[in-house]
Amino acid sequence: PGPVMGGIMTLLFGSIAVVGMNTLVRAGQSLTAPRNLVVVSLILVFGIGGMQFGGGQFTLQGVSLAALVGIALNWLLPREREGE
């Protein structure tokens, strides 16, 4: 039934998000650093929030849009300088 599948999918995707954040923390990345906080939070909002980009026959949404947002933000946002 639909509600059961919805619950399973919520648990599955929530677990995947937690494992990803745990991986970042174990790698020594601070999730409270402003740059990292912006990147992670926008990826989650775009991926979970149901946002769409495009129109007609080509539309990005869900994981594909979140991945491209993450790549773009990682490329565009300045990194912290060493020693700060």
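This section describes the confidence, pockets, nonpolar core and selected residues of a predicted protein model.

Residues are numbered from 1 along each chain as its sequence is written, and side-chain values use heavy atoms, with hydrogens and water left out. Because the model is predicted, local features need pLDDT of at least 70 and side-chain atom pairs count only at pLDDT 80 or more, whereas totals for chains, interfaces and linings use all residues.

The mean pLDDT of the protein (the predictor's confidence in each residue, from 0 to 100) is 87. A value of 70 or more is reached by 96% of the residues. Secondary structure elements are DSSP runs numbered from the N terminus, with helices (H or I) of at least four residues and strands (E) of at least two. Confidence is lowest in helix α1, residues 2–26, with a mean of 87, and highest in helix α3, residues 62–76, with a mean of 92.

Pockets were located on a 1 Å grid over the protein atoms alone; a pocket is an open set of points where a 1.4 Å probe fits, with protein on both sides within 12 Å along at least five of seven lines, and lining residues have an atom within 4 Å of a point. Grid points are joined across faces, edges and corners, and the volume is the space filled by probe spheres set on the points. The largest pocket holds about 560 Å³ of space. Its lining has 15 residues, of which I16, A17, I43, L44 and I48 are the closest to the pocket centre. Helices α1, α2 (34–48) and α3 each contribute at least two lining residues, and the largest share, seven residues, is from α1. By residue class, the lining of the largest pocket has 11 nonpolar, four polar and no charged residues; here Ala, Val, Leu, Ile, Met, Phe, Trp, Tyr, Cys and Pro count as nonpolar, Asp, Glu, Lys and Arg as charged, and the others, Gly among them, as polar.

The second largest pocket has a volume of about 170 Å³. Its lining consists of G28, Q29, S30, A33, R35, N36, R79 and E80, which divide into one nonpolar, four polar and three charged residues.

Accessibility classes are relative: buried is under 20% relative accessible area, exposed over 50%, and partly exposed in between, with a 1.4 Å probe and protein chains only.

M51 is located in the loop between α2 and strand β1 (52–55). This residue counts as partly exposed because its relative accessibility is 34%. Leaving aside neighbours within four places in sequence, M51 contacts V45, F46, L60, Q61, G62 and L65. M51 and G62 are 11 residues apart along the chain, and their C-alpha atoms are separated by 7.0 Å.

Q61 belongs to strand β2, residues 58–61, and its relative accessibility of 42% places it in the partly exposed class. With residues up to four places away in sequence not counted, Q61 touches M51 and Q52. The C-alpha atoms of Q61 and G2 are separated by 21 Å, at 59 residues apart along the chain.

S41, in helix α2, is also partly exposed, at 32% relative accessibility. S41 and G55 lie 14 residues apart in sequence and 25 Å apart in space, C-alpha to C-alpha. R81 is placed in the segment after α3 and counts as exposed because its relative accessibility is 64%. Between the C-alpha atoms of R81 and L24, which are 57 residues apart along the chain, the separation is 19 Å.

How values were computed: Contact means heavy atoms within 4.5 Å.
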